[in-house]
Amino acid sequence: MTTLYVPAGQLLAARQDRAVPEDICRWQKDIASHWNGLHFGELTVRSEGDVHHFGIPVYLDDLNADSIAVQLYANGWDGHDPMVVPMIRGNALSGGINSYHYGCDIPADHPAEAFTPRIVPQHKAGLVPLESHSILWYR
């Protein structure tokens, strides 16, 4: 209930302004139009002591970078829940159009190979995955 209905109720209240649902519709159309053009570059992982450093170039076609989130994902292990870590958008890639470097650091208490990047739609007033269920996995 708290993971679906409470957020949905809060978003419904925010959507009383007609501009918000119209913006969500534009976002959904943009996601649908450009999703197949999204792709990753080569993942880099550097482990130092008790930290894994992850970095990856992401190419966004003509999609606004604020329309997506890049995350690092690992399945649950030893009774732990799956782990989702936001990757931070860094500098634009030189020579690339609408492409950025994303990165994050995580504790090295689990093998780096257990993690994979993914791209998910994101909208401040949208309820993902109900309103956009696309996920692009690195592998």
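**View 1. Contacts across the chain in the predicted model.** In this predicted model, residues 24 or more positions apart account for 62% of the protein's contacts with a separation of 6 or more. The protein holds two helices and nine strands, and along the sequence these follow the pattern α-α-β-β-β-β-β-β-β-β-β. Of its 139 residues, 37% count as buried, while the accessible surface comes to about 8,500 Å², with 53% of that area belonging to carbon and sulfur atoms.

View 2. L63 is found in the loop that runs between β3 (51-59) and β4 (68-74), and it counts as buried because its relative accessibility is 1%, under the 20% cut-off. Leaving out residues up to four places away in sequence, L63 touches D30, I31, H34, L38, I68 and N98. The C-alpha atom of L63 is separated by 8.9 Å from that of G37, a residue 26 positions away along the chain.

**View 3. The hairpin of β6 and β7.** Strand β6 (residues 88-92) and strand β7 (residues 99-107) pair in the antiparallel sense over three bridges, and I88 stands opposite G103 in β7. The two strands form a hairpin with six residues between them, and in this turn G95 has a positive phi of about 80 degrees. Strand β6 is hardly covered, since the count of buried residues among its five residues is zero. R89 lies over the face of Y100, at 5.4 Å from the ring centre.

**View 4. S99, a buried residue of β7.** S99 has its place in strand β7 and is buried, with a relative accessible area of 1%. When neighbours within four places in sequence are left aside, S99 is in contact with V58, Y59, N91, A92 and L93.

View 5. The structure holds three aromatic pairs, and two of them are described here. F40 and Y138 form an edge-to-face pair, with 5.6 Å from centre to centre and 85 degrees between the planes. F40 lies in strand β1 (residues 39-40) and Y138 in the segment after β9, so this pair ties together parts that are 98 residues apart in sequence. F40 counts as buried at 14% relative accessibility, whereas Y138 is partly exposed, with a relative accessible area of 25%. Y73 and W137 also form an edge-to-face pair, with 5.3 Å from centre to centre and 80 degrees between the planes. This pair links distant parts of the chain, with Y73 in strand β4 and W137 in strand β9, 64 residues apart. Y73 counts as buried at 17% relative accessibility, while W137 counts as partly exposed at 35%.

**View 6. H123, in the loop between β8 and β9.** H123 lies in the loop between β8 (116-121) and β9 (136-137), where it is buried with a relative accessible area of 13%. Apart from its neighbours within four places in sequence, H123 is in contact with D23, I24 and W27.

**View 7. Two cysteines, C25 and C104.** C25 counts as partly exposed at 40% relative accessibility, whereas C104 is buried, with a relative accessible area of 8%. A disulfide is a covalent bond between the sulfur atoms of two cysteines, and a search of the whole structure finds zero disulfides.

Definitions and conventions:
Residues are numbered from 1 along each chain as its sequence is written. This is a predicted model: local features need pLDDT of at least 70, side-chain atom pairs count only at pLDDT 80 or more; totals for chains, interfaces and linings use all residues. Side-chain values use heavy atoms; hydrogens and water are left out. Helices (H or I, at least four residues) and strands (E, at least two) are DSSP runs, numbered from the N terminus. Buried means under 20% relative accessible area, exposed over 50%, partly exposed in between (1.4 Å probe, protein chains only). Contact means heavy atoms within 4.5 Å. A disulfide is a pair of cysteine sulfur atoms within 2.5 Å. Two strands pair if DSSP finds at least two bridges between them. Accessible areas come from the Shrake-Rupley method with a 1.4 Å probe; for residues, only the protein chains shown count as cover. Rings of Phe, Tyr and Trp (its six-membered ring) pair if their centres lie within 6.5 Å; planes under 30 degrees apart count as stacked, over 60 as edge-to-face and the rest as tilted. A charge sits over a ring if NZ of Lys or CZ of Arg is within 6 Å of the ring centre and within 35 degrees of the ring normal.
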